[in-house]
Amino acid sequence: MKILVSNDDGYFAPGITLLAEALRQLGEVTVVAPERDRSGASNSLTLDRPLTVRRAANGYFSVNGTPTDCVHIAVTGLLDFTPDVVVSGVNLGANMGDDTIYSGTVAAAVEGYLLGIPSIAVSLASKAGEHFESAIGIALQMVERLRRQPFGEAVLLNVNVPDIAVPQLRGVEVTRLGKRHKAEPVVKLKTPRGETAYWIGPAGGAADAGPGTDFHAVESGKVSVTPLRMDLTHGNQLARAREWLAA
Ligand code: MN
């Protein structure tokens with residue numbers, strides 16, 4: 001099995017190293033990841049300049065671009081094979097609800113999915129990063145299952161793992177995305193030259209977080225697995241939009 005690993009925290013991040021080394025027991029692992037932390041890069045592609053790929057001493061490829069650039073380059077020209085699966089992560093921090101819109105971790109998996117490859121984004125749902133082994137174990141299980149039992153259709157899975165020890169995990173739940181409250185206000189700063197600068201504030205807390213959501217599963221000590229799709233069409237509003245335009 002050929003496994004492409006990427007992330008948005010950068011090719012040096014502990015989460016990607018642990019993930020890539022663990023996945024070697026399931027197949028041939030190639031790492032192509034951003035040269036620096038690109039968390040929040042979403043699905044951006046770099047179109048205004050050529051990108052450079054460097055090979056680190058440990059064999060990992062680093063790219064001076066976004067997570068999406070990394071997977072795009074890897075699959076469309078850098079590698080001389082098509083990966084059987086793309087695994088993105090393990091991200092330091094949750095990617096639940098609205099986070100998935102902004103996440104570079106999810107975006108790397110999205111790019112694999114859009115290129116026709118089964119893809120999985122894996123996030124450790126805390127910034128403490130105390131139990132990466134739990135997320136790594138789950139990632140291994142998911143990829144092993146894909147190898148043994150293909151999903152049968154195009155698939156993009158968003159996985160969030162509580163930051164607790166393996167024996168404390170309370171199973172796996174298939175969930176839908178929850179929703180966050182509006183983001184916290186931007187933080188205003190003064191630069192050394194007296195200009196006002198703005199620093200994007202933290203995401204809002206969980207709002208729609210009831211049973212069945214990713215937030216609820218993780219809060220209950222369960223691994224959350226959400227199948228995602230990329231069609232943004234609001235199907236239920238097609239009729240209303242036609243009616244509104246005709247009025
Ligand atoms: Mn990140």
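Reader: Why are helices H1 and H5 called oblique to each other?

Author: In this predicted model, H1 (residues 14-23) and H5 (residues 132-148) pack at an angle of about 40°, with their axes 10 Å apart. Angles under 35 degrees count as roughly parallel, over 145 as roughly antiparallel, 65 to 115 as roughly perpendicular and the rest as oblique. The two helices are therefore oblique. Axes here are lines fitted to C-alpha atoms, for helices over the stretch in contact, and angles run from 0 to 180 degrees between N-to-C directions. Helices (H or I, at least four residues) and strands (E, at least two) are DSSP runs, numbered from the N terminus.

Reader: Which residues of H1 and H5 meet?

Author: Gly15, Leu18, Leu19, Ala22 and Leu23 in H1 meet Phe132, Ile136, Ala139, Leu140 and Val143 in H5, where contact means heavy atoms within 4.5 Å. By class, this contact of H1 with H5 has nine nonpolar, one polar and no charged residues. Ala, Val, Leu, Ile, Met, Phe, Trp, Tyr, Cys and Pro count as nonpolar, Asp, Glu, Lys and Arg as charged, and the others, Gly among them, as polar.

Reader: What makes Asp8, Asp9, Ser39 and Asn91 donors of the manganese ion?

Author: Their atoms OD, OD, OG and OD1, respectively, lie 2.1 to 2.2 Å from the manganese ion. Donors are N, O and S atoms within 2.8 Å of the metal (3.2 Å for Na, K and Ca); water is not among the atoms, so sites may look incomplete. Ser39 lies in the loop between strands S2 (28-34) and S3 (53-55) and Asn91 in strand S5 (residues 85-92), so the pair ties together parts that are 52 residues apart in sequence.

Reader: Are Ser39 and Asn91 buried or exposed?

Author: Buried means under 20% relative accessible area, exposed over 50%, partly exposed in between (1.4 Å probe, protein chains only). Ser39, at 42%, is therefore partly exposed, whereas Asn91, at 6%, is buried.

Reader: How do you know that helix H4 is mostly covered?

Author: In H4 (residues 104-114), 10 of the 11 residues are buried. What covers these buried residues includes strand S1 (2-6), helix H2 (67-78) and S5.

Reader: On what basis do these values rest?

Author: Residues are numbered from 1 along each chain as its sequence is written, and side-chain values use heavy atoms, with hydrogens and water left out. As this is a predicted model, local features need pLDDT of at least 70 and side-chain atom pairs count only at pLDDT 80 or more, while totals for chains, interfaces and linings use all residues.
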